[in-house]
Amino acid sequence: MLFADAHTHVNPVRGLGAKAIAKKFKDSGGWFMAIVGLSPWSYGLEPSIEGYEKTFRIVLRECNNAKEEGVKVACFIGLHPGDLDKLVYKYSVRQEKLMDFVAKVFNIIEDYCRKGLIDGIGEVGRPHYRVDPIFVVASELVMEKAMVLAKDYDLLLHLHLEQGDGITVESIKRFIKLTGVLVRLVIFHHARPGLLEHVVKNGFTATVPGIEAVLRTVFKRIEPTYLLESDFIDDPNRPGVVVYPWQMIDNQLRILKEGLVNDEYLAKLNIDNVVKVYRVSPP
Ligand SMILES: [Zn+2]
Ligand SMILES: [Zn+2]
């Protein structure tokens, strides 16, 4: 039995890094990982334009390190919605200069798109916690930019959003219409029950966190049209958050053993849907 992780992070500066994670994941039955970049400060970098540039280089290198361990990898870089308020409140970006800063970061991202170095953009979207509304608006402007790039370069998009049931999905449909990005390129990352039903009903792809309690609910209630993610942040200060990639595998095997899910269902999530969404060849 083979398993995929459709959204995870690796941190070679503070955490285990891609090599160790990919090795352990592969030894546990993993064949595919989508690696999404973290914010500059996670890698001990200043969030300057140069800091973002260095961040993207680290992500790319880590994707290659994972590949060398023999797993298939999809590589994502972006500008996390949670970065925006931090850039202003914690770092020295002036609010009125924020969108100029974003534009410069996106010039670098577009350069990566143009050179074919990445498979997708992420994570972008809206913050899931309370912030000054101006940062919600700013994050939507960022998301719009990312959607345009995804459309222009035929790349996937990992959206980090609030768990806002049908409202979240309706709003994303408007942005899709506005930008013309293809529905099949848009992935609702970290969709939990409550949002997930609306996402799949509208024909979108979602990645669902592989937490045991969540799996028990979705396996019972939802058709296998989605993907599973660990969203592991590889931060030793927050061990096992959201879930270790290999623990996500154990969770599935445990539920399989109990007879609450079958092989066919898990193969759809871990192989068929990955092949279709990420356009990779099957293992
Ligand atoms: Zn996220
Ligand atoms: Zn994430």
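The model is predicted, and local features need pLDDT of at least 70, side-chain atom pairs count only at pLDDT 80 or more, and totals for chains, interfaces and linings use all residues. Residues are numbered from 1 along each chain as its sequence is written, chains are lettered from A and ligands numbered from 1 in the order in which they are written, and side-chain values use heavy atoms, with hydrogens and water left out.

**Zinc sites**

- The zinc ion (ligand 2) is coordinated at 2.1 to 2.2 Å by His-7 (NE2), His-9 (NE2), Glu-123 (OE) and Asp-231 (OD), where donors are N, O and S atoms within 2.8 Å of the metal (3.2 Å for Na, K and Ca), and sites may look incomplete because water is not among the atoms.
- The zinc ion (ligand 1) and the zinc ion (ligand 2) are 3.5 Å apart, with Glu-123 coordinating both.
- Glu-123 in strand β4 and His-160 in strand β5 (residues 156-160) are 37 residues apart, and the pair links distant parts of the chain; helices (H or I, at least four residues) and strands (E, at least two) are DSSP runs numbered from the N terminus.
- Glu-123 is buried, with a relative accessible area of 4%, and His-160 also counts as buried, at 9%, where buried means under 20% relative accessible area, exposed over 50% and partly exposed in between (1.4 Å probe, protein chains only).

**Aromatic pairs**

- The structure holds 14 aromatic pairs, counted for rings of Phe, Tyr and Trp (its six-membered ring) with centres within 6.5 Å, and classed by their planes as stacked under 30 degrees, edge-to-face over 60 and tilted for the rest.
- The ring centres of Tyr-52 and Phe-56 are 6.2 Å apart and their planes stand at 55°, so this pair is tilted; both residues lie in helix α2 (residues 49-68), four residues apart, and both are buried.
- Phe-188 and Phe-204 form a tilted pair, 5.0 Å centre to centre with 55° between the planes.
- Trp-31, Phe-32, Phe-76 and Tyr-278 are linked into a cluster by ring pairs.
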